[in-house]
Amino acid sequence: MLFNSWQFAVFFPTVAVLYFLSPHKLQLFILLIASFVFYMAFIPSYVLILVVLIIIDFVAAQLIGPAKGGKRKLLLVISLVSNLSLLGFFKYFNFFNSSLASFAAIFDLHYPIQALSIILPIGLSFHTFQAMSYTIEVYRRKVKPEKRLLHYALYVMFFPQLVAGPIERPQNLLPQFNKIHKLNYDDVTAGLRLILWGLFKKVVIADRLALYVNLIYSHPQDYSGPSLIIATIFFAFQIYGDFSGYSDIAVGAARVLGFKLMTNFQYPYFSRNISEFWERWHISLSTWFRDYVYVPLGGNRVNRLRWIGNILVVFVLSGLWHGAGWLFALWGLLHASCYLLYRLFNLSSRLLTFCLVCLAWIFFRANNTNDAFYIVSHLVTGPFNLSGYPPLSLMAGFGFIALLTVIDWVGGVKKFNLANLPSPIRWMVYVIGTILILDFGVSIGIPFVYFQF
Amino acid sequence: MKKLLLKSLAFISLLIIAQTVVVYCLRLGFFGDYPLAVADFKKGMKDFPEVVFFGDSVVFTVDPDEPDRRTVSQLLQEKMPGTKILSVAHSAYNQGVYIDYLKYMIAHGVKPEKVVIEINLRSFSPISDRRPQYQFEKEKIFLANDLNPVFPLIYKPLLVLKYFNLQTISEVTFKQTPLYDGEKHIGTVADCYAYDEKLQREQAIQKVFQCLYLENISLRNRKLDDLINIAGLLRDHRIPVVFFITPIDYASGQKYFGDRFLWQINKNVSFVKSSLENQGVVFADFSASLPSSHFLWLNEGLPDEHLDSWRESVADGISKMISDEKGF
């Protein structure tokens, strides 16, 4: 079920009303059933993958808890391998298979394994990572094994963050299922405010920018420098509006129900360097890689060469987490290179960081390697050509980017809070915002970018 | 809870007022989305036409080099000067959208003396039937909701929230649709998509003929189902209807597939005809009525059904069918 759909507009208030009208014992059941309904709205049978994942990790954690020594490690490995096998099969099988087939073709070798015709279960990368963080934390004795299957199932399946995060940690989310959540006016209004802002970013800003981005990136060879640069800048704000919009809706929906999820974005395009960018962009994923990959590899407490290796591994894995393709790996590698350059030469500039991030986005967005390199090599060529794209729509795109930037600046840097305004002005903003979403939102179904991960 | 409820109600009321201002005062109701074809049809309905003629590009396409600029629709009106004919024609129009226009017509109390429905054989092929751009969902939505007084207020919000679906068939699904030659599976739309620059024109033409005309039409075919529904709807409302199949370039098809081509065309036409005649309608078959020289595509491009000056003979045939007392 998409957040920007009429189904969710009916589903969410219904769930919220049922949830608050029910006694505490029933509340979690309602949330679990709602989560099943939410997930099964995509491909119903794929819920079985989630159920298997939940059972494996629940049992594994129960066994890891009291176990000692090698057995403890073995159980963790079994749990992680199970999670990664599911992820590997659905997400990476065809990627590695086609890579091997291409490799075999170079040497004229017969490669008999055919590609599988499978659809990636929506949000699989998100909930496997969330599930793994639970067993790892139990292994590290930072979290006690959850005795109630219902609570653990909800930890993995809690519908606001089920398909595109934030990737929660057990320390934050699990204890919240023990609390009694009564209707809280402030939580509801704060949550609704976030939902409204998230929808605005997605439907009005990101999807409108996507129209131009899709046009240019579908046939980049038809365009020259200025068009390619604009499309790349638009994509930078499209993916930001899209994903941070999704996160805001997720955090907002959870907040309405009384849950506090972690912040996933903190005005990333105001970062002064790549290191800061990753502290502000998809925070739940970057901290996941920091805590469960970078630090166990030794982090920066190793010699310089190994540290460089650690950085490369983390960023390339982060790239591959996003998508099973070499372009994503290259995207990760570019970020790793920028990160290393920053750490070695201490270069700090908002503009430079934004330009580097945009350059890397080309590899993230391009349909194939040829397109990506074509775009990079043609950024400073040729005349500007709108190719039939309405100039007013292009202007609107820039206008929305400016609006997003100003709101981020005012909200993030200047710490302005809409809630502090007098209520007539606040209400006017809410009404105008809602009207803009409902009347000026893009109606073509553009899926959330991060849904594919 | 009470405070929240009251504030929610107040917010919804404000929203409705704001939306009313946007739609009725700022006149941004449909945000330029209102389909021109529907507006023209509504205008035409006000004249209470005696004949409503549904067709696709075949009925309005004229070769740019041709001195006679009259379309099939215009020729038809000239041949029947005393009859008010409303032509409803658009490129790639098909049975799937005709039925919505007819429902609208009936709902608005317009009862013509005859309805004429053009059937283009290519419309039965998945390449045409399932092409996302040929579903005309927006027109269907506007036709279905015209009588709903709050439609202007809710149209755009429901579109943004994806209640109204303008793309019922995705490009991916379309490309994955299987194609058949007779009953033999010959790949998917993506495989058979003939408009591939790598193909020589001759190969491309052959592919078009195979993919568009050679699949066995069965009762499972969506377009045949639409035709049967159209016949049923008009019969229930006692509106006489005649169907005719447009000429196709069967001679060129035979060049590539031999007699099998004409055999398959005849088989499909017979099946469509018998399925419709079961509904008691009048049916004319012009499918194999013209030699290749009358089709415009031969000069350039890929096979289609657009005609040269022979349009007049088609208009003649239709006018005779209209004049005929029969209809069911």
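B:Lys79 is partly exposed, with 28% relative accessible area. Here buried means under 20% relative accessible area, exposed means over 50%, and partly exposed lies in between (1.4 Å probe, protein chains only). This is a predicted model, in which local features need pLDDT of at least 70, side-chain atom pairs count only at pLDDT 80 or more, and totals for chains, interfaces and linings use all residues. Residues are numbered from 1 along each chain as its sequence is written, chains are lettered from A and ligands numbered from 1 in the order in which they are written, and side-chain values use heavy atoms, with hydrogens and water left out.

Stay with B:Lys79. Its side chain meets that of B:Asp316 in a salt bridge, 3.6 Å from N to O. The term covers a side-chain nitrogen of Lys or Arg within 4 Å of a carboxyl oxygen of Asp or Glu. The pair links distant parts of the chain. B:Lys79 sits in helix H3 (residues 72-79) of chain B, B:Asp316 in helix H14 (residues 311-323) of chain B, and 237 residues separate them. B:Asp316 is partly exposed, at 30% relative accessibility. Salt bridges that share partners join B:Asp68, B:Arg70, B:Glu78, B:Lys79, B:Glu312 and B:Asp316 into one network.

B:Glu78 is partly exposed at 46% relative accessible area. B:Arg70 is partly exposed too, at 26%. Side chains of opposite charge can pair when their charged atoms come close.

Now move to chain A. A:Asp242 forms a salt bridge with A:Lys202, with 3.0 Å between the closest N and O atoms. This pair also links distant parts of its chain. A:Asp242 belongs to helix H9 (residues 225-256) of chain A, A:Lys202 to helix H8 (residues 185-218) of chain A, and the two are 40 residues apart. Are these two residues buried or exposed? A:Asp242 counts as buried, at 1% relative accessibility. A:Lys202 counts as buried as well, at 0%. Over all chains, the count comes to 21 salt bridges.

What is the secondary structure around that pair? Chain A has 17 helices and zero strands. Helices (H or I, at least four residues) and strands (E, at least two) are DSSP runs, numbered from the N terminus. The radius of gyration of chain A is 23 Å, close to the 22 Å that the globule rule gives for 453 residues, so chain A is as compact as a globular protein of that length. That radius is taken over C-alpha atoms, and the globule rule is 2.2 Å times the number of residues to the power 0.38. Along the principal axes, the C-alpha atoms of chain A fill a box of roughly 70 × 65 × 45 Å. Buried residues make up 54% of the 453 residues.

Contacts and surface of chain A come next. A contact means heavy atoms within 4.5 Å. Among contacts in chain A between residues at least 6 apart in sequence, 76% join residues at least 24 apart. The accessible surface of chain A is about 19,800 Å², and 69% of it belongs to carbon and sulfur atoms. Areas come from the Shrake-Rupley method with a 1.4 Å probe; for residues, only the protein chains shown count as cover. Chain A carries 33 positive and 17 negative side chains, and the centres of the two sets lie 12 Å apart. Lys and Arg count as positive, Asp and Glu as negative; His and the chain ends are not counted. Each charge is placed at NZ of Lys, CZ of Arg, CG of Asp or CD of Glu.

A:Leu312 gives a local view. This residue lies in helix H12 (residues 304-322) of chain A. A:Leu312 is partly exposed, at 30% relative accessibility. Leaving aside residues up to four places away in sequence, A:Leu312 touches A:Leu333, A:Ala336 and A:Leu340. A:Leu312 and A:Tyr339 are 27 residues apart in sequence and 9.5 Å apart in space, C-alpha to C-alpha.

Back to chain B as a whole. Its secondary structure comes to 14 helices and seven strands. The C-alpha trace of chain B spans about 80 × 50 × 40 Å along its principal axes. Of the 328 residues in chain B, 54% are buried. Chain B exposes about 15,500 Å², with 55% supplied by carbon and sulfur atoms. The mean positions of its 38 positive and 40 negative charges are 9 Å apart.

Two backbone angles close the tour. Most residues other than glycine have a negative phi. B:Phe48 has a positive phi of about 45° although it is not a glycine. B:Phe48 is in the loop between helix H2 (36-45) and strand S1 (51-55) of chain B. B:Ala92, also not a glycine, has a positive phi of about 65°. B:Ala92 lies in the loop between strand S2 (85-89) and helix H4 (95-107) of chain B. B:Ala92 counts as buried, at 17% relative accessibility.
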